[in-house]
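Me: I would like to go through this structure and ask what stands behind the terms used for it. Please set each value against its cut-off.

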Amino acid sequence: MIKVSNLSKKFGDLAVLKDISFEVAKGEIVVIIGPSGTGKSTLLRCLNYLETPTTGQIHIGNATIDAVSHKVKEVTALRQQSSFVFQNYSLFANKTALQNVAESLITVWKIPTQEALATAKAILIKVGLKDKLDVYPSQLSGGQQQRVGIARAMAAKGEVILFDEPTSALDPEWVDEVLAVMKQLAIEKQTMIVVTHEMQFAKEVADRVIFMEDGFIVEQGSPKEVFDNPKHERTKAFVKRALKQH
Amino acid sequence: MQSSFDLQYIIELMPILFKYLGVTMEMALWGFLFALILALGLALVRVFKIAFIQHLASLYISFFRGTPLLVQLFLLYYGFPQFMPIFIGMDAFTAAIIGLSLHFSAYMAESIRAAILGIDKSQMEACLSLGMTRLQAMKRVILPQASRVATPSLMNYFIDMIKSTSLAFTLGVAEIMAKAQMEAASSFKFFESFLAVAVIYWVVVIFFTRIQHLLEKRLNKAY
Ligand SMILES: Nc1ncnc2c1ncn2[C@@H]1O[C@H](COP(=O)(O)OP(=O)(O)OP(=O)(O)O)[C@@H](O)[C@H]1O
Ligand SMILES: [Mg+2]
């Protein structure tokens, strides 16, 4: 359902992604781990064309795009196949929780406003924000804002939800409620690609873990394989350090 | 020619001048409306960095900020008809509105652009990630927030524009300043006439400054 082929990305002379290829099946939960600055965020952003890759092909759902010949229409089509959960939430400050979630239904999918709001409401109830529907982001806690962020991504009708360190900006007390929402999504077989430092979450929820370093995919496999039996020295070193911290 | 201050004259002149305030406000309101539309267009061209046109926009802004409004009005009203026949029939009132719009749009474009750039870029990214176009994002998310930021400075430009309409008398527009000038010339009471017109401008500006404050208060409450 998702196929990434020979993806590379340079910022000027700095090669951040180097020939990345992988596939993700429908309903699969993939967690990407790796040291800071190895290109995890850049990879996710490329999947959404928030960064334009230097070379490579991306195929999601029924959209295919080649970096070398990409057109604006293809970019929009690709973005409609996925949605993004940002580390800093990036909610629309001028819209209530409900309006944030309904926005893509109204503007992108042209669903009548009343219907869109009803759908948005159902999703917000699902993430436990029943009594925050008409509240503006500035009045919400970090955990609540990120749950709105996830609800907004759920509403967008994409094939896959991309999470870039969704809990990193949160005070520790709010982390669990956000992870709980993500676990629920995993149970429902929502396809997800998650960049995170939450190793426990990766172990419990991931179908597959990808370890990235220096712009390469070094190793990938089930959580058991990657955490308990890493093949590469670099994976071993990283996993050892990462698990010790938690 | 020595004469004492004539308060009675001022009191009688006020209602006469007041009748011409309509022309002044009409110029200011039309001028502001057109300036706002132009400024928004210019700001978007520069924010989206639209190839080629963005350089024209920069040139336009530089010119209208870099030369005096009076010179621009003269160029438009007395200069252009020499080469461009469509300007020949243009009346002074229209020319003044066009001149004010062009001049103020350059300033307003910059404050709108600054307001847009001040909105956290990640909200634009969030829009794009949902599959919205840049224009949709602007319309639904960025501009509503930017307009809140820009409103105080745009209101300042509006107030500035009201005062600047007094230059239109140099083109022969029969507005409040022109009337004061005429009255002064026939009565020789220059001080009283110009003081009267100054007071009227002052009261109008105080009125709109109040509105500006009320507006800001309301906007600050919104979210
Ligand atoms: N817009 C940009 N311009 C230039 N360099 C960039 C840009 N964005 C990222 N980089 C560089 O690309 C490299 C990879 O960054 P990226 O944010 O993808 O890493 P990451 O794996 O997500 O790290 P972290 O775990 O700290 O979030 C870094 O060296 C970073 O400085
Ligand atoms: Mg990152």
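Me: In which helix of chain B is B:S105 found?

Reply: This is a predicted model. In it, B:S105 belongs to helix 4 of chain B, residues 92-118.

Me: Why is B:S105 called buried?

Reply: Buried means under 20% relative accessible area. B:S105 has a relative accessible area of 0%, so the residue is buried.

Me: What does the side chain of B:S105 reach, and what makes that a polar contact?

Reply: The side chain reaches the backbone oxygen of B:L102 at 2.8 Å.

Me: Which residues is B:S105 in contact with, leaving aside its neighbours within four places in sequence?

Reply: They are B:A35, B:L38, B:A39, B:L42 and B:Y60.

Me: How many helices and strands does chain B have, and what is the pattern along the sequence?

Reply: Chain B has eight helices and zero strands. The pattern along the sequence is α-α-α-α-α-α-α-α. The C-alpha trace of chain B spans about 75 × 50 × 25 Å along its principal axes, and buried residues make up 45% of its 223 residues. Of the contacts in chain B with a separation of 6 or more, 76% are between residues 24 or more positions apart.

Me: Why does A:G221 count as buried?

Reply: The relative accessibility of A:G221 is 8%, and buried means under 20%, so A:G221 counts as buried. The residue lies in strand 10 of chain A, residues 216-221. Leaving aside neighbours within four places in sequence, A:G221 is in contact with A:R208, A:V209 and A:V226.

Me: Which residues come nearest to ligand 1?

Reply: Of the 13 residues around ligand 1, those that come nearest are A:S36, A:G37, A:K40, A:S41 and A:T42.

Me: Which elements of chain A give two or more residues to the shell around ligand 1?

Reply: They are strand 2 (14-24) and helix 1 (40-47). Helix 1 of chain A gives the most, with three residues. By class, the shell has four nonpolar, seven polar and two charged residues.

Me: Which residues touch the most other members of the largest nonpolar core?

Reply: In this core of 102 residues, they are A:F22 and A:I193. The largest share of the core, 16 residues, comes from helix 1 of chain B, residues 7-47. Not counting residues up to four places away in sequence, the residues that A:F22 touches include A:V4, A:L43, A:L47, A:I193 and A:I210.

Me: How many residues are in the second, separate core?

Reply: That core has 52 residues, among them A:V148, A:V175, A:A206 and A:F238.

Technical notes
Residues numbered from 1 in each chain as written. Chains lettered and ligands numbered in written order. Predicted model: local features only at pLDDT ≥ 70, side-chain atom pairs only at ≥ 80, totals over all residues. Heavy atoms only, no water. Near = heavy atom within 4 Å. Helix = DSSP H or I, 4+ residues; strand = E, 2+ residues; numbered from the N terminus. Nonpolar A, V, L, I, M, F, W, Y, C, P; charged D, E, K, R; others polar. Core = buried A, V, L, I, M, F, W, Y, C linked by side-chain atoms within 4.5 Å. Buried < 20%, exposed > 50% of the residue type's maximum accessible area, 1.4 Å probe, protein only. Contact = heavy atoms within 4.5 Å. Polar contact = N/O pair within 3.5 Å; in protein donor to acceptor, adjacent residues only side chain to side chain.
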